[in-house]
Amino acid sequence: MEAQLKYEITFARLPEIEPVEIVAHMSDPRVAEHMPLLTSEWDVAAVSKFVATKEVCWDRDGLGHWTILSNGKYVGWGGFQKEGDEWDFGLVLRPDAFGLGTRITRKAIEFAVADERIPFVTFLLPPSRRNLGALERFGARRVGKTEYDGATFLKYKLETEC
């Protein structure tokens, strides 16, 4: 009988991870396939600017993007970012962690449900994404398309209040 792998998913702040980890992650062409806004190369300077921008969200809103760890190892980044009156959830995983997306999203949604500031969560996905069944199983419904920074995204919404 094959032993089942256990993944302990934890969230930490972005400055807690070495920038070179994020550079390697964001430089992988498999990551760029579904990121229409990823138009430039990532280096340590780009990561520093990215982390500083995301930390401003934490300072302004008390919430933002996390470093995501599986069993203590960096597997990606993601989290909640306030866009107007909406809390948008984004997730960018390393290719070797793509299979953890549902587990990580479930943990993030549990966080959102417990946080009274977040009455609903939005998800913006590029039209290149085809496998959206997990998102729908969470209860998210498609509300249309939206433009963001010149790119078109499919927009989903998940109510978090009872």
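In which sense do S1 and strand S2 pair, and over how many bridges? In this predicted model, S1 and S2 (residues 65-70) run antiparallel to each other, and five bridges link them. One of the residues to look for is Thr10, whose bridge partner in S2 is Leu69.

## The sheet as a whole

Seven strands form an open sheet with mixed pairing, and their order is S1-S2-S3-S4-S5-S7-S6. The edges belong to strand S1 (9-13) and strand S6 (141-148); each has a single partner strand, so one side of each has no neighbour in the sheet. On average, neighbouring strands here are turned by 30° against each other, direction ignored.

As a reminder, strands of a sheet pair through backbone hydrogen bonds, and they can do so in a parallel or antiparallel way.

## Helices against the strands

Helix H1 (residues 19-26) lies across strand S3 (73-83) and strand S4 (86-93), and its direction is at about 85° to S3. Helix H3 (residues 44-61) packs on the sheet as well, where it touches S1, S2, S3 and S4. The direction of H3 makes about 50° with that of S3.

S6 and S7 form a hairpin with two residues between the strands. In this hairpin, Asp149 takes a positive phi near 50°.

Methods. Residues are numbered from 1 along each chain as its sequence is written. This is a predicted model: local features need pLDDT of at least 70, side-chain atom pairs count only at pLDDT 80 or more; totals for chains, interfaces and linings use all residues. Side-chain values use heavy atoms; hydrogens and water are left out. Two strands pair if DSSP finds at least two bridges between them. Helices (H or I, at least four residues) and strands (E, at least two) are DSSP runs, numbered from the N terminus. Axes are lines fitted to C-alpha atoms, for helices over the stretch in contact, and angles run from 0 to 180 degrees between N-to-C directions. Contact means heavy atoms within 4.5 Å.
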